[in-house]
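Q: Can you walk me through the helix packing in this one? I have it open.

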Amino acid sequence: MADLDALRSRWLHALLAARDDDSCAPDPYRYADALLRRWQEPQRRYHTLEHLTAVLDRIDVLAEYADDPDVVRLAAWFHDAVYLPERSTNEERSARLAERALPEAGVSRDKTAEVARLVRLTVTHDPADDDRDGQVLCDADLAILAAPPSAYATYTAEVREEYHFVPNDAFREGRSAILRQLLGLPRLFRTPYGQEHWEATARYNLASELELLST
């Protein structure tokens, strides 16, 4: 179970670090609580508070590679804040939520725009070579691909549950296409840490899942 108090504290730390001026900003916990409610919606099986916590943990590991780690942390909070498995607009709607909420919470226009850009980047997980913040967020989000076999199996089962409305044959075809696309990338991870510690295991997991889907 995710620790809600710990998550609220992590939100507070990131928000206060990103704010330029606290003088007129409202209570920061109201935004944390609103986001936490979203992350606990009943349609979620993988994209839950546990996923949010894991992404935040990985950003902490990768923080030295980011230009602004706290902006990346805020992007993590928003990156799946809107999540309806049957829709393809979740990232865009999540980015727009950030664009509405963060200025009200006291975050500057420039940092809000950067958070929204990072959220939109999770559509492709393809940051530019000089996009240090994007590389950290994308690596943190994809790190589940390098999980131990049992945890990876749990992840794939939870993804299938989220797409329970998709017939088996269509799901296998769609999931296989995603796996082939990922395996076709020259690099899954862009930070030095991700490349060293996650790349090989992630490729093994993806190839193993693809083989299972093909049998």
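**Helix 2 and its neighbours**

A: The buried residues of helix 2 pack against helix 1 (4-18), helix 3 (49-62), helix 4 (69-78) and helix 5 (90-104). Contact means heavy atoms within 4.5 Å; helices are DSSP runs (H or I, at least four residues), numbered from the N terminus. This is a predicted model, where local features need pLDDT of at least 70, side-chain atom pairs count only at pLDDT 80 or more, and totals for chains, interfaces and linings use all residues. Residues are numbered from 1 along each chain, and side-chain values use heavy atoms, without hydrogens and water.

Q: Which residues of helix 2 are buried?
A: Tyr31, Ala32, Leu35, Leu36 and Trp39, in a helix covering residues 29-39. Buried means under 20% relative accessible area (1.4 Å probe, protein chains only). Down the axis of helix 2 they fall within an arc of 135 degrees, so they line one face. The arc is taken from the directions from the helix axis to the C-beta atoms.

Q: How do helix 2 and helix 5 cross?
A: Their axes come within 11 Å and cross at roughly 160 degrees. That makes helix 2 roughly antiparallel to helix 5 (over 145 degrees). Axes are lines fitted to C-alpha atoms over the stretch in contact, with angles from 0 to 180 degrees between N-to-C directions.

Q: Which residues make that contact?
A: Arg30, Tyr31, Leu35 and Arg38 of helix 2, with Leu97, Ala101 and Glu104 of helix 5.

Q: Switching topic, where is His125?
A: His125 sits in the loop between helix 6 (109-121) and helix 7 (132-142). Its phi is near 50 degrees, positive in a residue other than glycine.

Q: Is His125 buried or exposed?
A: His125 is buried, at 18% relative accessible area.

Definitions and conventions
Buried < 20%, exposed > 50% of the residue type's maximum accessible area, 1.4 Å probe, protein only. Helix = DSSP H or I, 4+ residues; strand = E, 2+ residues; numbered from the N terminus. Parallel < 35°, antiparallel > 145°, perpendicular 65-115°, else oblique.
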